[in-house]
Amino acid sequence: KFILKIPTPPSAAQSFGTSLHAALRDFYQAKIAGEKPQEKELLAMLEKNWTPQGFASKHHEKLSFQKAQNFLRSFWRQVKNFPILPLALEQPFTFPLKNLRLVGRIDRVDPQKDGKIEIIDYKTGANVPSQEKVDKDLQMSIYALAATQVPESPFGKKPEEVLLSLYFFETGEKVTTQRTAKHLEAAKEEILGWAEKIAKSDFRCSASDFCRHCEYHLLCDRG
């Protein structure tokens, strides 16, 4: 995918997540523009942005669309009286780490009191991790690094000025964590460690149970 540039079609989970993210992006962009979108408009945004690729059948797609609608109805009930407007939506970031360059995108950045920010990442999966696991989550640490390493707004923050939240559509729960400067130094070492392992790998097939979910399963000589 990244070396030989062989494209792959989106999976059902990817299409589902992309559609929800796009609907919420349009919803908040409308609010930032001074509009007052209601539940009906939010659901219309989902329909407009719906990606039909990757589903096993039309019935599977229909059930998934209904599930996405239910997610957004629940989300709407939570935020309809919430006055805060995001500072950024689908915010890209890039920053150097020794010989690496980390690149990513953050779903939403909200303002908080005393100049703090809250980075929010949407999750469509069914499993909500424990607080302990979120406190150690590398993805959250990378977002915190972006918020402290990138000088431009809405970033340029100190570690204690950054809240990191995962919002789970399945349950409507939000799990929030933070990182200290010490945590971020440890995260840098972990990232560099993974980069070293990747650089030394020959990327041979491991023939593990994960193979059956591989996008290139049909092209593999162990398929």
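Is K67 buried, partly exposed or exposed, and what is its relative accessible area? K67 is partly exposed, at a relative accessible area of 38%; the cut-offs here are under 20% for buried, over 50% for exposed and in between for partly exposed (1.4 Å probe, protein chains only).

A quick word on the source: this is a predicted model, where local features need pLDDT of at least 70, side-chain atom pairs count only at pLDDT 80 or more, and totals for chains, interfaces and linings use all residues. Residues are numbered from 1 along each chain as its sequence is written, and side-chain values use heavy atoms, with hydrogens and water left out.

Now for the salt bridges (a side-chain nitrogen of Lys or Arg within 4 Å of a carboxyl oxygen of Asp or Glu). The structure has nine of them, including these:

| Pair | N to O distance |
|---|---|
| R25 and D26 | 3.0 Å |
| K58 and E61 | 3.7 Å |
| K67 and E170 | 3.6 Å |

Take R25 and D26: R25 is partly exposed at 24% relative accessibility, while D26 is buried at 15%.

K58 and E61 both sit in helix α3 (residues 58-79), three residues apart, so about one helical turn separates them. Helices here are DSSP runs of H or I with at least four residues, strands are runs of E with at least two, and both are numbered from the N terminus. K58 is exposed at 68%, whereas E61 is buried at 15%.

Then there's K67 with its partner E170, joined by a salt bridge. E170 lies in the loop between β4 (162-168) and β5 (173-177) and K67 in helix α3, so the pair ties together parts 103 residues apart in sequence. E170 is partly exposed, at 35% relative accessibility.
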